Amino acid sequence: MALIETVNIGQKYGGQYILKDVNLRINRGEVFALIGPTGAGKTTLLRLLDLLEVPASGSVYFDGMDVTANKSLRLQARRRMSFVLQKPAVFNMSVYDNVACGPRWRREKDATIRQRVSRALELAGMAEYINRNARTLSGGETQRVAIARALAIAPEVLFLDEPTANLDPISAAKIEEVLAHIIGDQKTTVVMATHNMSQGQRLAGRIGVIMNGEVLQIGSPGDIFSTPQKKEVAEFVGVDNILSGVIVNRDNELVTIDVNGSIIQAISDYPIGEEVHALIRPEDITLAPRKDASSARNTFEGRIARIFPVGALVRVEVACGFSLFAVVTKRSAEDLSLTVNKRVYATFKATAVHIIKRWH
Amino acid sequence: MTELWDGLVTALKLIVSLNPEVMEIAGRSLAISATSSTIAALICLPLGAVIHSNKFPGKRTLINIVQTLFSLPTVAVGLFVFVLFSRAGPIGGLDIMFTPVVMVIGQVILISPIMLGLTVSALSGVDKTIADTAISLGASGFQTAVITLREARFAVLAGLIMGFGRAISEVGLSLMVGGNIAGFTRTITTTISLETSKGDLELALALGIILIVIALVINLVLNRVQQK
């Protein structure tokens, strides 16, 4: 049985739906990440799951109980969860008192409260700040106090809304370290919203992609990043090459796709005549100055249209009748002497192409 | 001018020598105003939290009405309380007219809009994520209201002090419903009014100085509170 389940929940503000028909099952002990662009409805969904808001439609179940509207049941259920808001607010009191709030509101004994606060602050790496006024802390420290405060109630479910957004890389890494520790140590069910795909990939066991108030795909990080089911998901998870075409031939699982006169070979079950998108991740494309005797079925000759650095990598756009984007390391770009207008061969395997049906 | 100067010197002597009449009147004023302020605070703090944390039709209008009543004339409240508690009034049977009790009731009516309006305003100034954080940490409605009030404590306290200041400085209400009875309902302001009309400036000036000192202390406390 799922620990949290939503059945067709929706939420609207000012008469407009922000979330539509969301069906989710969060299992006990799992780490579930909601990823999606800013404004997709991630925070609203977390607020509904944490029972901070009542949905405009649908039902929320917690541990088998319908907690959609009953005030007393909602408080009971909420006391088994905690939520770290995107911009956490700390109360104008000491770090100790901030972290002790949750257990105090549950009328825990003083000795239990002291023990829980100490443990939570240690976990969050904030033990030395115990007597500081929480309002005097930096953004990263405030975030860690908020995490400690959420952990002090020993929640069955921990909700995290963009836990590292607006933090510098060092503070973000510290928070992620704390989270990884909690995930590995506590057996707490964690539901986190993030627009940082790699963070979702690193921390979560399952990912749900949410866009425009709808959950478009749920699956393992591998599924989401390698085999997105919709064009919007593919675009969001960084599949730069989305080519529209029609299947014109098939030989068992190997299909031939006509992309504006260019032919791509891929593995797919779709029949001849099906209009499809061919998705190719840029890191699956190799560039070479000469045509190699490679086993890869797809090789296109073209000229480099643009080159631009992306962190430690270089993104290369090759014009070969259509645009293909590839990423190579800076070192490779130098070794291959990649420059704009240089003639190159872009190669990728048939298995690197993920085919999805095109919806009009 | 000499008369005024002599009056001022005598007034200071009355204060320094802790003149029993001056001390008794000042003590009664403080007691009545402190009681009315405490009662009004006990009503207005929870009521303000309820108004702030609930959505209901006409909320904005209610807040506007409360704010309008900040400048409620003391004689209007005096008249209302007089009509209510006089022998012929609807609750005249309580027989509390011209007693400190009815003065306290009148002052509660007078200062409640100030305390209520400023409490709601103080709570509105608290970041909404404070309440969300409390709820998400498992606080009940009451616990959420308490932590929100705690966060707004300096602004709320300023509202309470303003209410006390209005209570201790009003004169019309106390005269009308208290009757200015010596040794029973006579307060600083009613004594100043009476003694000035009699031309007996020494006592009036002494009490006036005490009232100004109280106002000064209130102002200093208010400034300290608002700086936090």
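This is a predicted model: local features need pLDDT of at least 70, side-chain atom pairs count only at pLDDT 80 or more; totals for chains, interfaces and linings use all residues.
Helix α11 of chain B, residues 201–227, holds 27 residues and should span 39 Å at 1.5 Å a residue; the C-alpha atoms at its ends lie 38 Å apart, which agrees.

The buried residues of α11(B) are L203(B), A204(B), L205(B), A206(B), L207(B) and I210(B). They are covered by elements including α1 (2–16), α2 (20–53) and α10 (188–198) of chain B.

Along its principal axes, the C-alpha trace of chain B spans about 65 × 45 × 25 Å. Of its 228 residues, 41% count as buried. Where contacts in chain B join residues at least 6 apart in sequence, 76% of them join residues at least 24 apart.

One loop of chain B deserves a look for its backbone. F98(B) sits in the loop between α4 (74–85) and α5 of chain B. Its phi is near 60 degrees, a positive value in a residue other than glycine. Most residues other than glycine have a negative phi. F98(B) counts as partly exposed because it has 19 C-beta neighbours inside 10 Å, whereas a buried residue needs 20 or more.

Chain A has another make-up, with 10 helices and 20 strands. Its C-alpha atoms fill a box of roughly 75 × 45 × 35 Å, taken along the principal axes. Buried residues make up 42% of its 360 residues. Among contacts in chain A with a separation of 6 or more, 64% come from residues 24 or more positions apart.

Two of the strands of chain A form a hairpin. Strand β9 (residues 206–211) and strand β10 (residues 214–219) of chain A pair in the antiparallel sense over 5 bridges. Within this pairing, I207(A) stands opposite G219(A) of β10(A). The hairpin has 2 residues between its strands, and N212(A) takes a positive phi near 45 degrees there.

Where do the two chains meet? In the model, 19 residues of chain A are in contact with 14 residues of chain B. On the side of chain A that touches chain B, α2 (71–78), β6 (81–84) and α3 (95–105) each supply at least two residues. Of the elements, α3(A) gives the most, with 3 residues. By class, this side of chain A has 10 nonpolar, 3 polar and 6 charged residues.Helix α3(A) also has a buried part, made up of V95(A), N98(A), V99(A), A100(A), C101(A), G102(A) and P103(A). The buried residues of α3(A) pack against β6, α4 (110–123) and α5 (139–151) of chain A. Just after α3(A) comes R107(A), with a positive phi of about 55 degrees. R107(A) is found in the loop between α3 and α4 of chain A. R107(A) is exposed, because 7 other C-beta atoms lie within 10 Å, and a residue counts as exposed with 12 or fewer.

The last stop is the largest nonpolar core, which has 148 residues. The residues with the most contacts inside this core are V99(A), A148(A), F159(A), V191(A), A278(A), A326(A) and M115(B). Helix α5 (residues 100–124) of chain B gives the most to the core, with 15 residues. Domain 1 (4–234) and domain 2 (239–357) of chain A both give residues to this core, so the core lies between them. For A326(A), leaving aside neighbours within four places in sequence, the contacts are P282(A), I285(A), L287(A), V316(A), V318(A) and A346(A).

Methods. Residues are numbered from 1 along each chain as its sequence is written. Chains are lettered from A and ligands numbered from 1 in the order in which they are written. Helices (H or I, at least four residues) and strands (E, at least two) are DSSP runs, numbered from the N terminus. Two residues are in contact if their C-beta atoms, placed from the backbone, lie within 7 Å. Ala, Val, Leu, Ile, Met, Phe, Trp, Tyr, Cys and Pro count as nonpolar, Asp, Glu, Lys and Arg as charged, and the others, Gly among them, as polar. Two strands pair if DSSP finds at least two bridges between them. A nonpolar core is a set of buried Ala, Val, Leu, Ile, Met, Phe, Trp, Tyr and Cys residues joined through C-beta atoms within 7 Å. Domain bounds come from an automatic or database domain assignment. The expected span of a helix is 1.5 Å times one less than its number of residues.
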